[in-house]
Amino acid sequence: MANDAPPRWDRRMQQRLARGEAAALAELYDRFASLVHTLAYRVLEDDTGADRVTREVFGYVWENPDAYDPQQGSLRAWIAMLTQRQAVHRLRVSQTASAREDTLTSEALEERIREASVAARADYIVTSMPAPLRAALELAYFDRRDYRQAAAALGVTEDEARRRLRLGLQLLSTAHVQPPRAVSPPGYGRAL
């Protein structure tokens, strides 16, 4: 369970990227490449496509460090959002091409894209939620612990563990709700 980076780290990283420090990009890549690749793979179900999205996301971050606004959330959440958008875009492009070749119905194509979008939004919600909620959900989901066991592992009361799990699950339940269409950053949504 990864700890969230402090906002000060996020701002310093953005400043270093804006100055063109290659070491900053390397540090950012070391910290978030597995997150980006995993999120992209969950949408695309293709290792090569996930590699491509990973390169595109870090390329975009390198070229546009000022597009990140620390007031809107953590650098981790921003990178997860960029990954989700780019992976869904790549899926849409590849599925459209595949539909032309396989005469896949547009309804089936849209359903596949909707499913991938929901999965990507769920991943984004989990990566951007506060660490205490994420830790409780990880204990419940990955370690198969109930709220009592989660409370003991987290060192909190059972009521607090129940509250964290309930809130985390409520946040996750919004993944199937279509968010308002956000405007992608200029130049994003195509090969970078």
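Predicted model: local features only at pLDDT ≥ 70, side-chain atom pairs only at ≥ 80, totals over all residues.

A: The chain contains 8 helices and 0 strands, so that, read along the sequence, its pattern is α-α-α-α-α-α-α-α. Among the contacts in the chain with a separation of 6 or more, 67% are between residues 24 or more positions apart.

With that setting in mind, we can turn to helix H3. H3 has 17 residues, and from its first C-alpha to its last it reaches 24 Å, which is close to the 24 Å expected at 1.5 Å a residue. Its buried residues are Gly49, Ala50, Val53, Thr54, Glu56, Val57, Phe58, Tyr60 and Val61.

Leaving aside its neighbours within four places in sequence, Val61 is in contact with Leu17, Leu28, Trp78, Ile79 and Leu82. Val61 also belongs to the largest nonpolar core, which has 32 residues, and the members that touch the most others there are Leu28, Val43, Val61, Leu75, Trp78 and Ile79. Helix H1 (7–18), helix H2 (22–44), helix H3 (47–63), helix H4 (75–102) and helix H5 (106–128) each supply at least two residues of this core, and H2 gives the most to it, with 10 residues. A second, separate core has 7 residues, including Ile125, Met129, Leu165 and Ala175. As a general point, in soluble globular proteins nonpolar side chains tend to be buried together.

Leu165 leads us on to another pair of helices. The axes of helix H7 (residues 147–154) and helix H8 (residues 158–173) come within 8 Å and cross at roughly 110°, and H7 and H8 are therefore roughly perpendicular to each other. On the H7 side the contact is made by Tyr147, Arg148, Ala151 and Leu154, while on the H8 side it is made by Glu158, Ala161, Arg162, Arg164 and Leu165. Arg163 also has its place in helix H8, and this residue is partly exposed, with a relative accessible area of 39%. The C-alpha atoms of Arg163 and Tyr147 are separated by 9.3 Å, although the two residues are 16 residues apart along the chain.

Terms used: Residues numbered from 1 in each chain as written. Heavy atoms only, no water. Core = buried A, V, L, I, M, F, W, Y, C linked by side-chain atoms within 4.5 Å. Buried < 20%, exposed > 50% of the residue type's maximum accessible area, 1.4 Å probe, protein only. Helix = DSSP H or I, 4+ residues; strand = E, 2+ residues; numbered from the N terminus. Contact = heavy atoms within 4.5 Å. Expected span 1.5 Å × (residues − 1). Axes fitted to C-alpha atoms, helices over the stretch in contact; angles between N-to-C directions. Parallel < 35°, antiparallel > 145°, perpendicular 65-115°, else oblique.
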